[in-house]
Amino acid sequence: MSWIFTKGSKTFKPKRNIPEGTKQYQLKKYAEATLGSGNLRLAVTLPEGEDLNEWVAVNTVDFFNQINMLYGTITEFCTAEECPVMSAGPKYEYHWADGQNVKKPIKCSAPEYIDFLMTWVQGQLDDETIFPSKIGVPFPKSFQATAKNILKRLFRVYAHIYHSHFNKIVSLGEEAHLNTSFKHFIFFVQEFNLIEKKELAPLAELISQLTNKE
């Protein structure tokens with residue numbers, strides 16, 4: 001999907017398409033087929049005989065694209081004036097640091113935080129030393145830790161959308177899309193223990209409702 005949105009001077013585009021003919025492309029097609037069955041628990045399980053890192057990589061790219069698109073529908077409402085801090089309700093506030101350009105966490109508005117976050121994630125997804133797409137190129141030993149960090153931070157965008165913009169999502173008719181995307185995300189991170197429970201606390205009640213329906 002070629003969704004593009006602009007925030008300030010930045011333009012986000014979904015991650016380049018996974019190259020055809022690669023193992024990850026085959027896994028992407030498999031994931032799309034199993035998602036089509038409507039069984040999200042089945043859709044997240046590791047296909048028999050496949051590499052866990054490859055599976056996590058394909059799904060991380062997919063979630064990045066989905067969140068990019070969902071947030072793109074409400075960017076005009078998520079402004080520095082409306083959302084002066086990046087939060088997920090009154091008890092959860094997020095400050096930005098990437099450990100390289102910004103070492104000490106900084107307080108910033110939600111659109112600034114999400115701008116920093118998506119730029120940071122895209123940089124990692126495009127880095128062949130972190131997310132190799134070529135056949136035979138191994139994943140780095142730190143890959144699982146990197147993927148966990150990315151997914152932990154992507155969760156915060158879902159959390160902000162639910163806490164601050166859900167009424168707008170409903171008015172746009174996007175709530176079914178958001179709920180399905182988030183449910184898929186939660187089943188995936190739970191299946192492989194990719195996000196600590198305490199990080200999921202801002203949406204704990206929603207997670208319980210969505211997962212108990214299965």
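**Exercise 1. Decide whether Ile 135 is buried or exposed.**

Solution. Ile 135 has a relative accessibility of 65% and therefore counts as exposed; the cut-offs are under 20% relative accessible area for buried, over 50% for exposed, and partly exposed in between, with a 1.4 Å probe and protein chains only. Ile 135 sits in the loop between H4 and H5. Helices (H or I, at least four residues) and strands (E, at least two) are DSSP runs, numbered from the N terminus. In sequence Ile 135 lies 111 residues from Gln 24, while in space their C-alpha atoms are 8.9 Å apart.

The model is predicted: local features need pLDDT of at least 70, side-chain atom pairs count only at pLDDT 80 or more, and totals for chains, interfaces and linings use all residues. Residues are numbered from 1 along each chain as its sequence is written, and side-chain values use heavy atoms, with hydrogens and water left out.

**Exercise 2. Describe the chain as a whole: which elements does its secondary structure come to, and what share of its residues is buried?**

Solution. Step one: the secondary structure consists of seven helices and four strands. Step two: along the sequence they follow the pattern β-β-α-α-α-β-β-α-α-α-α. Step three: 49% of the 214 residues count as buried. Step four: take the contacts (heavy atoms within 4.5 Å) between residues at least 6 apart in sequence; 72% of these join residues at least 24 apart.

**Exercise 3. Find the residues with the most contacts inside the largest nonpolar core, and the helix that gives the most to this core.**

Solution. A nonpolar core is a set of buried Ala, Val, Leu, Ile, Met, Phe, Trp, Tyr and Cys residues joined through side-chain atoms within 4.5 Å. The largest one has 60 residues, and Phe 155, Phe 182 and Phe 185 have the most contacts inside it. Two or more residues come from each of helix H2 (40-44), helix H3 (52-72), helix H4 (110-125), helix H5 (143-171), helix H6 (175-191) and helix H7 (204-212). H5 gives the most, with twelve residues. For Phe 182, leave aside the neighbours within four places in sequence; its contacts are then Phe 155, Tyr 158, Tyr 162, Leu 203, Leu 206, Ile 207 and Leu 210.

**Exercise 4. Work out how H5 is oriented against H3, H4 and H6.**

Solution. Two packed helices are described by the angle between their axes and the distance between the axes. Axes are lines fitted to C-alpha atoms, for helices over the stretch in contact, and angles run from 0 to 180 degrees between N-to-C directions. Angles under 35 degrees count as roughly parallel, over 145 as roughly antiparallel, 65 to 115 as roughly perpendicular and the rest as oblique.

- H3 and H5: the angle is about 25° and the axes are 10 Å apart, so the two helices are roughly parallel. Residues that meet include Val 56 and Phe 63 in H3, and Leu 151 and Tyr 158 in H5.
- H4 and H5: the angle is about 150° and the axes are 11 Å apart, so the pair is roughly antiparallel. Among the residues that meet are Leu 117 and Trp 120 in H4, with Arg 153 and Val 157 in H5.
- H5 and H6: the angle is about 155° with axes 11 Å apart, so this pair is roughly antiparallel. Phe 155 and Tyr 162 in H5 are among the residues at this contact, as are Phe 182 and Phe 185 in H6.
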